[in-house]
Amino acid sequence: MVDHEPAKLFALSTCFHCKALIEFLEGHEIDFIVINIDEIEGKERRDKFKELKRINPLCTFPTFLAKEQVVVGYNQEQIKEILNIR
């Protein structure tokens, strides 16, 4: 079995949909990392934006990455399918 990196959530700390997605993931005990773009600065911020742009060229929030699949926006059904949540 191939181990995957923890899921990543590119978010803004002030985004309602981002907060709702965090609650959803935590409620399902999903291992994930939150990257609040608006809370980082300098080179790290540029690097994270570059990473975000590679997976979501529009750089919209939230952007969720898991198992090499990307979900743009708060789409519970798509996330459930990727993560095999019932």
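Four strands make up an open sheet of mixed pairing, in the order β2-β1-β3-β4, where two strands count as paired if DSSP finds at least two bridges between them. Helices (H or I, at least four residues) and strands (E, at least two) are DSSP runs, numbered from the N terminus. The model is a predicted one, in which local features need pLDDT of at least 70 and side-chain atom pairs count only at pLDDT 80 or more, while totals for chains, interfaces and linings use all residues. Residues are numbered from 1 along each chain as its sequence is written, and side-chain values use heavy atoms, with hydrogens and water left out.

The edges of the sheet are β2 (32-36) and β4, each of which pairs on one side only. From one strand to the next the twist averages 15°, with axes taken as lines fitted to C-alpha atoms, for helices over the stretch in contact, and angles running from 0 to 180 degrees between N-to-C directions. Strands β1 and β3 run antiparallel and are joined by three bridges, whereas four bridges join β3 to β4 (residues 69-72), a pair that is also antiparallel. Between β3 and β4 lies a hairpin turn of two residues, in which K67 has a positive phi of about 50°. The residues that stand opposite one another are set out below.

| Residue | Opposite residue | Strand of the opposite residue |
|---|---|---|
| K8 | L65 | β3 |
| F10 | T63 | β3 |
| T63 | V72 | β4 |
| L65 | V70 | β4 |

Helix α3 lies across β3 and β4 and runs at about 165° to β4. Helix α1 (residues 16-27) packs with α3 (residues 76-83) at an angle of about 35°, their axes being 12 Å apart. This crossing is right-handed, the term for a near helix turned clockwise from the far one by less than a right angle. On the α1 side L21, F24 and L25 take part, and they meet Q76, I79, K80 and L83 in α3, contact meaning heavy atoms within 4.5 Å. By class, this contact has five nonpolar residues, one polar and one charged.

The largest nonpolar core has 18 residues, and those with the most contacts inside it are L9, L21, L25, F32, F64, I79 and L83. Such a core is a set of buried Ala, Val, Leu, Ile, Met, Phe, Trp, Tyr and Cys residues joined through side-chain atoms within 4.5 Å, and buried means under 20% relative accessible area, with a 1.4 Å probe and protein chains only. At least two residues of this core come from each of β1 (7-11), α1, β3 (63-66) and α3, and α1 gives the most, with five residues. When its neighbours within four places in sequence are left aside, L9 is in contact with C18, L21, I22, F32, I33, V34, I35, P62, T63 and F64. A second, separate core holds six residues, including F10, I35, I40 and C59.

E51 belongs to helix α2 (residues 42-55). Its relative accessibility is 13%, and E51 therefore counts as buried. Leaving aside neighbours within four places in sequence, the contacts of E51 are with K8 and F10.

Conventions
Nonpolar A, V, L, I, M, F, W, Y, C, P; charged D, E, K, R; others polar. Buried < 20%, exposed > 50% of the residue type's maximum accessible area, 1.4 Å probe, protein only.
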